[in-house]
Amino acid sequence: MLSIGQYVRAQSLEEAYTLCQKKSSVVLGGILWLKMQNRTVGTAIDLCDLGLEGIEETEEEFRIGAMTSLRALETHPGLNAYTGGAMARCLGSIVGVQFRNLATIGGSLYGRFGFSDPLTLLMALGAKVELYHRGVLELEEFAALPFERDILVRVILPKTTKGAVYRSQRNTATDFPVLTFAAARRPEGLVCALGARPGKARLFRDEEGILAGGITPESAETFGRWLADQAALGHDLRAGEEYRRRICRVLARRGLLELAKEE
Amino acid sequence: MEISLTLNGKTVKAQIAPDTLLLDFLRQQGCLSVKRGCETANCGLCTVFLDEHPVLSCGVLAARAAGHQVRTLEGLQSEAEEFVGFIADQGAEQCGFCNPGFVMNTIALLRENPDPTDDEIRAFLSGNLCRCSGYEGQLRGIRAYLDWKKKGGADRGE
């Protein structure tokens, strides 16, 4: 059961940052995961008055406020046009519309949850996060950092990729994923991310040049096998390590062939 | 702490604890259509509208809802009554416990997409769990309602 001593709607990022330095304080996202915990919170800091909700699109990038709901991302025409529908596909299996209207992108990324679908896709897309204290850094770098008391202000998604895909495997619709896979064509080459390993998402690049000659059914199969061998996969209540390894091959192959079709 | 919000069109002020969930607050206000189901934000039974968006009231602090518009099924009777008969005709409600959440989310679906396909209905309502029916009854009911509307809505065809 979640117990909260004090609820504060921060009126500035500085106020939120100062308040969240106390160990007993928590910055609220959608609270959907937080409320599942048996936890006593001294001060619950709500960012809802700070105008961090919304998606701005410019020629160069998308700027997504931390309090933007997953549903807003899922239904955003610009984001879906840019990702070829991968954004909607990534988010559409998360519980239900009512849940996704509450869950925030800031909460999903700040927790760096292993089960996070958007962490996987945004990492493959080369997204950056803007933290109030630390500044702007690559999502890949942020995901590897230890937990710090900072405020995630927004997600910055540069328009540098050409084509993206997202695939996940779930034991049942709307459940947590057993494995997530995303791939994107970046200027430096194809990059893919694997999440729900069950650990948090990690990026992989085509280090062996398996796809250098293009994506074909054979090269996609080979890359999937290589990825499954490279990735640190594990066991949890939803799936075993070997199952994840087999699923990894399939998701990667199917995802890459879908990406090839988009060319 | 004191909060003020608009509940079904009326201003409500109340003293609450900071960790009060909107679900509990609404039931205290007499909105008993808002059901406590899983309490893990998975089943959809506690669906309400927050600023006209469907949300799970078990996943919202009442404090966060302060200053906003909240609607429950009690405030949407006229919008709901047109199609709930079609749900009943299919025997889709059975025990009935999930019905308010289903009705709320169906209203949200039809506001956003007045002519959904069966797949769009399934996708939108995937966050509403029913342990009696297997969902086909609800789908048939909504489809029958939509077909009835397309034909002008005059004859229920019973």
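Two strands pair if DSSP finds at least two bridges between them, and the strands themselves are DSSP runs of E with at least two residues, just as helices are runs of H or I with at least four, numbered from the N terminus. One of the residues involved is Thr180(A), whose bridge partner in β11(A) is Gly195(A).

This is a predicted model, in which local features need pLDDT of at least 70 and side-chain atom pairs count only at pLDDT 80 or more, while totals for chains, interfaces and linings use all residues. Residues are numbered from 1 along each chain as its sequence is written, and chains are lettered from A and ligands numbered from 1 in the order in which they are written.

β10(A) and β11(A) belong to an open, antiparallel sheet of four strands in the order β9-β10-β11-β12. β9 (164-170) and β12 (202-205) of chain A each have a single partner strand, so one side of each is left without a neighbour in the sheet. On average, neighbouring strands are turned by 20 degrees against each other, direction ignored. Helix α7 (residues 117-124) of chain A packs on this sheet and touches β9, β10, β11 and β12, its direction making about 20 degrees with that of β10(A). Here axes are lines fitted to C-alpha atoms, for helices over the stretch in contact, and angles run from 0 to 180 degrees between N-to-C directions.

A residue is buried if 20 or more other C-beta atoms lie within 10 Å of its own, exposed if 12 or fewer, and partly exposed in between.

**Strand β8 of chain A**

Five of the seven residues of β8(A) (residues 152-158) are buried. Five bridges tie β8(A) to β5(A) (residues 61-65), running antiparallel, and four bridges tie β8(A) to β6(A) (residues 128-131), also antiparallel. Arg154(A) takes part in both pairings: Gly65(A) stands opposite Arg154(A), and Arg154(A) is the bridge partner of Glu130(A).

**Domains and interfaces**

An automatic or database domain assignment supplies the bounds. Chain A is divided into domain 1 (2-46), domain 2 (55-158) and domain 3 (164-261), and chain B into domain 1 (2-74) and domain 2 (76-150).

| Domain pair | Distance between C-alpha centres |
|---|---|
| Domain 1 and domain 2 of chain A | 20 Å |
| Domain 1 and domain 2 of chain B | 22 Å |

In chain A, the contact takes 10 residues from domain 1 and 13 residues from domain 2. Helix α1(A) (residues 13-19) gives the largest share of the domain 1 side, three residues.

Between the chains, the contact takes 23 residues from chain B and 24 residues from chain A. The largest share of the chain B side, four residues, comes from β4(B).

Key: Contact = placed C-beta atoms within 7 Å.
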